[in-house]
Amino acid sequence: MVILFAVFLLTLLALTAVAIVRTENLFVAVMLTGIFSLLMAANFFVLDAADVALTEAAVGAGISTVLFLGALALTAEHERSVVSGRWLSMGIVVVTTLILIYATFDKPRLGDPRAPVHQHVAPWYLDQTPELIGIPNVVTAVLGSFRGYDTLGEVFVVVTACIGVLFILGVRRGGYSPSPDGDRLTTAGSGLRHHLIPKVVGRLLIPFIVLFGLYVLFHGEYGPGGGFQAGAIIATGIILYALLDGEAQALKAVPRPVLMGMVVGGATLYGAVGVAGIALGGSFLDYSVLADDPVKGQQLGILIIEVGVGLAVCGSLLSIFHAFAARGRH
Amino acid sequence: MQSAVDVLSWILLAAGGAFVFVGGLGALRLPDFYTRMHAASLTDGMGTILILVGIMLQAGWSLAAIKLIAILVCLLLTSPTASYALANAALLSGVEPGNSRAGKAEN
């Protein structure tokens, strides 16, 4: 039954991918990309990867679609047709596909316990997590503690991406300056300004969205979730506010300096936990020394770095959103 | 008792599935943008309720049921609102009811 469901989802996934390539309307392509991410999230869930599914749904289907739409507002709705080089790309794609399909023949069967990936460090993680870290969600233990370096790198990738987007789209000095003209402009610009029903329902939902984000952040040790997902969910709530009440209002609620502080502060908080480990006599990102009891120290360290990750991700996504929106106003 | 709950739950799930199917059919077959959206939104609401209540009966009184109720409340709030916002945006951007060509171009 699960196999049937997975095959159905994968077929839909392939159909959606073909539709994305074939459509020339970029708006339709963005919507299809959102559907693609949601299908992918469902696939991950079928494969029991709830953490990845949550990330894919929040980032892929939620935030990315909004950012794509923001980018689309700056450009045309239709793709320019490409005539030359089609057969060359076709040939490359076919060859790559055949190589990939050939490679899958050597792949171990899905869920095979003797697969190399289950022979290497995975059993050790599964064995040692209850003893060393004492939290039920092994994914969080691996991400936060055992492979803390990788996650630190990922956070800096997010921060770098944010800096890159801000450099390309341009940041205005001094943040948002409220002027009557600017206010009227944003009022006219945000389409939902005078629509009562979406506004009321949206305002009702925003606190719950942010609350759910915090739940995902602090519950990451026990269930699926963690800093990345929480940051994306909280950013979604604030973007919803920006869509309902205008970007200026959202910038008043969470001003640009605060966003920058979140991005830099989150990444620095993560690094600071690592340095604190050194200062207290351990090694970099060794949380065991943070408290008297090594297990408690690990849990404390994971919680702090998850907060850092959440701050950095939320700040980055909101900064990128505001950069697109500010660009669209001019 | 248990089998009665099971039968009821399956009836609800099947009815919900039927509603979603009819909604999908309507979204594909009806003539213009507004009727198609109406089909999708109305049956989506009904289908969601029936399917989620069906799953709740399967879950019994547990944490899962409470989560399902939360999902149901969230969907009942957001789904009609999204349909309304979509229809309103279409009306404001000049899609006229009854004009199938404009509706098709919009999609």
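**Exercise 1.** Which side chain meets that of A:Asp150 in a salt bridge?

*Solution.* Some ground rules come first: this is a predicted model, where local features need pLDDT of at least 70 and side-chain atom pairs count only at pLDDT 80 or more, while totals for chains, interfaces and linings use all residues. Residues are numbered from 1 along each chain as its sequence is written, chains are lettered from A and ligands numbered from 1 in the order in which they are written, and side-chain values use heavy atoms, leaving out hydrogens and water.

Step 1: look for a salt bridge, meaning a side-chain nitrogen of Lys or Arg within 4 Å of a carboxyl oxygen of Asp or Glu. The partner is A:Arg147, with 3.0 Å from N to O.

Step 2: check accessibility, where buried means under 20% relative accessible area, exposed over 50% and partly exposed in between (1.4 Å probe, protein chains only). A:Asp150 is partly exposed at 37%, and A:Arg147 is partly exposed at 38%.

**Exercise 2.** Find which residues are joined into one network by salt bridges that share partners.

*Solution.* Helices here are DSSP runs (H or I, at least four residues), numbered from the N terminus.

Step 1: A:Asp245 also forms a salt bridge with A:Arg203, at 2.8 Å between the closest N and O atoms. Because A:Asp245 lies in helix H11 and A:Arg203 in helix H10 of chain A, the pair ties together parts that are 42 residues apart in sequence.

Step 2: compare surroundings. A:Asp245 is buried, with a relative accessible area of 6%, whereas A:Arg203 is partly exposed at 46%. The network therefore consists of A:Lys199, A:Arg203 and A:Asp245.

**Exercise 3.** How many residues of chain A are in contact with chain B?

*Solution.* Step 1: count contacts, meaning heavy atoms within 4.5 Å. Six residues of chain A touch seven residues of chain B.

Step 1: turn to buried area, the accessible area (1.4 Å probe) that two parts lose on being put together, summed over both. The two chains bury about 700 Å² between them, 81% of it on carbon and sulfur atoms.

Step 2: look for salt bridges between chain A and chain B; the count is zero.

Conventions. Helices (H or I, at least four residues) and strands (E, at least two) are DSSP runs, numbered from the N terminus.
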